[in-house]
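Hi,

Here is the structure I promised to pass on. Have a look at it first, then read my notes below.

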Amino acid sequence: MSIQPFRQNRRDTVSALAAYYSTEPVPLPAPRLRPLTALEQMYAYWGSDQA
């Protein structure tokens with residue numbers, strides 16, 4: 001018994017790629033981040049030299 005490839009609808013693939021490679025960028029709103037606590041700021045500052 002041979003393996004049959006999965007058939008894809010060509011129109012769906014083309015439309016999905018066209019939306020992904022559109023020439024005009026779609027502006028997405030940036031997520032609102034909460035301010036860091038003092039402890040998180042300390043770890044962000046002193047932990048930055050550990051990389």
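**A nonpolar patch on the surface**

Leu39, Met42, Tyr43, Tyr45 and Trp46 make up a nonpolar patch on the surface, and together they have about 650 Å² of accessible area. For a patch like this, nonpolar side chains (Val, Leu, Ile, Met, Phe, Trp, Tyr) are joined within 5 Å, using residues with over 30% relative accessible area and no salt bridge. Areas come from the Shrake-Rupley method with a 1.4 Å probe, and for residues only the protein chains shown count as cover.

Before going on: this is a predicted model, where local features need pLDDT of at least 70 and side-chain atom pairs pLDDT 80 or more, while totals for chains, interfaces and linings use all residues. Residues are numbered from 1 along each chain as its sequence is written, and side-chain values use heavy atoms, leaving out hydrogens and water.

The protein chain has 2 helices and 0 strands (DSSP runs: H or I of at least four residues for helices, E of at least two for strands, numbered from the N terminus).

There is 1 aromatic pair. Tyr45 and Trp46 form it edge-to-face, at 5.0 Å centre to centre with 90 degrees between the planes (ring centres within 6.5 Å, six-membered ring for Trp; planes over 60 degrees apart are edge-to-face, under 30 stacked, the rest tilted). Both Tyr45 and Trp46 are exposed (over 50% relative accessible area; buried is under 20%, partly exposed in between, with a 1.4 Å probe and protein chains only).

You'll also find 1 salt bridge: Glu40 and Arg34 meet at 2.7 Å, N to O (a Lys or Arg side-chain nitrogen within 4 Å of an Asp or Glu carboxyl oxygen). Glu40 is partly exposed at 28%, whereas Arg34 is exposed at 54%.

Cheers

How values were computed. Patches are made of residues with over 30% relative accessible area and no salt bridge: like charges are joined within 9 Å, nonpolar side chains (Val, Leu, Ile, Met, Phe, Trp, Tyr) within 5 Å.
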